Amino acid sequence: MTVHEEILTAFHRSTVFDPKIVHRLAGDAPTYFAAGAEIYAQGEKCGSLYIVEFGAVRVYRLLADGRRQISAFHLAGEMFGFETDATHHFFAEALCATGIRIQRTTLFHSDLAGALLPMALQSLVRAQEHLLVLGRQNATERVAAFLLDMSERQGGLRMLELQMARADIGDYLGLSIETVSRVFSRLRQRGVIRLPNLRGVEIVKRQALQDLAA
């Protein structure tokens, strides 16, 4: 398959890039990061891209008033670290025990450089969708859209094991932790989801969740 065909195929697939191309991009063994460990900081020079081997990552910025705004979560099989210049504009931290394959951009072969385009475009699409979520009128719509996104990015799973805490979800959706918890409880009471444990969410009525997020 040519690079052009790889780009077209990958772009029309799910948000997780083709594992075969990811394998070609990732050469060294993954670097381990404990929960809460910093992967890179805002203001640092950038020259690498990062592939999540296992675990999950949050990307965020600290606002002038000290609040944290999470701009993205990255799950296993996803790549992050794209920047428009030579400096990181956000912090990246491991949400849990996480393995990251770090690939220096200067080491990319010419035939692989083109294969990064779908990944960069998908990151842009996801950022645009996140802005749409933040523009939704109420908290229930935001949480419903978030749960569907987490499910779709993991192959349409019905049972989700969220790596992020309620506070992380709140900082991602622009909601307080209390509001996030209330919405989860409300969805559980309505039979839309089940909450088997603190981080577990089972989507019981997917269509109802889709209707809420529409």
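Reader: Which residue stands opposite Gly-200 in strand 11?
Author: Glu-161 stands opposite Gly-200 of strand 11, and strand 9 (residues 159–161) pairs with strand 11 in the antiparallel sense over 3 bridges. Two strands count as paired if DSSP finds at least two bridges between them, while helices (H or I, at least four residues) and strands (E, at least two) are DSSP runs numbered from the N terminus. This is a predicted model, in which local features need pLDDT of at least 70 and side-chain atom pairs count only at pLDDT 80 or more, whereas totals for chains, interfaces and linings use all residues. Residues are numbered from 1 along each chain as its sequence is written, and side-chain values use heavy atoms, with hydrogens and water left out.

Reader: And how many bridges join strand 10 to strand 11?
Author: Strand 10 (residues 193–194) is joined to strand 11 by 2 bridges, and the two run antiparallel. Ile-193 stands opposite Ile-203 there, and the two strands form a hairpin with 5 residues between them.

Reader: New topic: what is the strand order in the open sheet of 4 strands?
Author: The order is 2-7-4-5, with antiparallel pairing. Strand 2 (38–40) and strand 5 (68–75) stand at the edges with a single partner strand each, so one side of each has no neighbour in the sheet. Strand 4 (residues 56–62) and strand 7 (residues 91–94) are joined by 4 bridges, and the bridge partner of Tyr-60 in strand 7 is Phe-91.

Reader: Which helix packs on that sheet?
Author: Helix 6 (residues 166–173) packs on the sheet and touches strand 4 and strand 5, where contact means heavy atoms within 4.5 Å.

Reader: How many disulfides does a search of the whole structure find?
Author: The search finds 0 disulfides, a disulfide being a pair of cysteine sulfur atoms within 2.5 Å.

Technical notes. Axes fitted to C-alpha atoms, helices over the stretch in contact; angles between N-to-C directions.
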